[in-house]
Amino acid sequence: MKKTITITGLLLITAALVGLLLFFFIRNTVKEREPEPLTNEISVSVPPSTFNIPVHIETGTIQSYLNGKIKGAFLNKKILIQKGKKEEIALTLSKRAAIQISSNGSELICTFPLTVKARLINSRLGERLAKQVKPVQTDLLITLSTPITIDQNWRISTKFRIRKIQWVTDPIVRFGPFKKNLRPSIERVIESKKSELTVMLDREIHKAASLQKTISDVWLDMQEPILISRKPAPVWIRFTCNDIHGNIALKRTGITCMTKIEAQMVVLTDTSASIAATPLPAFKHMPSNEVERNSDINLYAYTSFEEINDQLNEILKGKDITKNGYSVRITGIKTYGSAKGLSIGISTDRDLEGYVVTSGKVVFDAPTQALSVKDFDYMLDTENPLARTGDELLHSYVRDTVATKLNLSLDTLVSKVPGIVRIAISKGKAGKVIELSLDSLRIKRSDILLDSKKIHVLLNIETTADLRLKQIKPGERLFVR
């Protein structure tokens with residue numbers, strides 16, 4: 001009985017020693033083949049970005065502005081209807097209906113509906129009889145047109161000309177046995193005042209249809225720091241705008257100024273140290289053959305291994321893995337950059353106490369537009385059954401669990417891109433006066449670099465953006481004196 005116990009005890013002791021030696025062998029084998037951590041830190045150079053943004057002023061916006069400025073009677077004048085005679089009328093021109101602004105694609109068209117009132121105030125028969133004469137009222141439509149340009153201050157310039165005057169009915173005044181068609185007299189007045197009318201329209205459109213404030217707000221807002229990460233320390237990005245060009249064109253729906261902004265993205269860890277924003281330069285013409293519809297934006301972001309390890313250990317430390325009757329507990333996870341890519345070291349206890357390292361490549365998958373870790377390569381390759389069990393347990397776990405959690409951390413960089421672009425183009429004051437639309441955002445390329453402390457992600461993004469001027473405040477009414 002004692003002999004049996006002694007043999008059994010020896011067998012158990014021997015098995016335990018063999019197992020212990022095996023664990024040390026596994027651990028030492030893994031550590032010997034563990035990829036060495038990178039020791040260098042790299043500085044990423046971000047290529048310049050080009051924001052191609054068409055800024056639209058719809059004809060309806062200009063139309064609303066002019067109708068808010070020009071209301072009711074805007075011209076009053078006394079005229080003699082016959083040379084050398086006493087017949088004198090008081091002429092009033094009033095806006096009859098809404099001014100219409102349209103475009104034929106080459107010129108801006110303004111149709112001005114007017115009501116004409118002519119009242120006889122004196123005649124050879126005396127003022128008393130003149131006042132008894134029934135006033136004349138009719139309607140006419142003045143059509144004006146203009147080409148458009150833009151000056152160096154980003155203001156739309158026009159040169160309106162009267163193209164046509166259409167009368168609804170002729171303005172005929174009757175007094176006693178006499179009647180007089182006032183059409184030639186009124187047209188002479190309009191002709192004499194046409195410069196004041198066209199100058200008024202030119203002046204108001206030049207003042208109202210200015211792109212300077214809208215583009216300046218966007219230009220300056222792009223240079224404001226944008227917070228992209230709070231942990232482990234706050235990180236901001238900002239764009240330094242270097243240059244801008246524009247091309248003005250008249251479309252059927254309104255005026256479009258295609259702007260090309262050249263900017264450089266920088267990363268900030270302290271916003272107090274950032275340089276002042278550069279002011280909007282004067283308008284510089286861009287040739288039509290250089291107009292591009294898509295924006296080419298380069299964004300840089302990074303995540304530190306310290307942040308990744310904190311997140312992974314918070315989520316996975318203490319988790320149990322069970323398979324084929326074996327149970328392994330995760331006691332710690334460490335990620336780092338190595339020559340083999342992203343290395344993940346996992347410490348375990350229970351049935352397999354040890355430290356196993358696997359490495360994979362951080363890649364960007366264009367079809368899914370997501371970051372992922374692929375092609376895991378274990379640093380342990382042995383025919384030992386216990387080692388194979390650990391490999392089966394940890395390989396599938398790292399592939400299906402750890403890498404998934406890691407992807408969630410890295411994918412936030414991609415998910416932030418639309419917001420970063422929108423904020424950069426339109427935020428703050430600019431957002432109150434313009435409407436931004438962003439379409440077809442696509443990450444064309446992703447360069448992923450690792451060093452001793454960080455995973456650096458450089459994204460090249462293609463998108464299309466549009467800005468529309470929402471409204472122009474009319475201010476005070478206008479009169480032609």
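Which strand does Glu88 lie in?

Author: Glu88 lies in strand 3, residues 88–95. (Strands are DSSP E runs of at least two residues, helices are H or I runs of at least four, and both are numbered from the N terminus.) Quick heads-up: this is a predicted model, where local features need pLDDT of at least 70, side-chain atom pairs count only at 80 or more, and totals for chains, interfaces and linings use all residues. Residues are numbered from 1 along each chain as its sequence is written, and side-chain values use heavy atoms, leaving out hydrogens and water.

Back to Glu88. Glu88 counts as partly exposed because its relative accessible area is 23%, and that class runs between buried (under 20%) and exposed (over 50%), using a 1.4 Å probe on protein chains only. Skipping residues up to four places away in sequence, Glu88 touches Lys78, Ile79 and Leu80, plus Arg119, Leu120, Ile121 and Asn122; touching here means heavy atoms within 4.5 Å. Ala118 is 30 residues from Glu88 along the chain, yet their C-alpha atoms are separated by 9.7 Å.

Now compare helix 2, residues 59–69, which is mostly covered: nine of its 11 residues are buried. Among them are Thr59, Ile62, Tyr65 and Leu66.

Zooming out, the protein chain has nine helices and 22 strands. Of its 481 residues, 47% count as buried. Take the contacts in the protein chain with a separation of 6 or more: residues 24 or more positions apart account for 67% of them.
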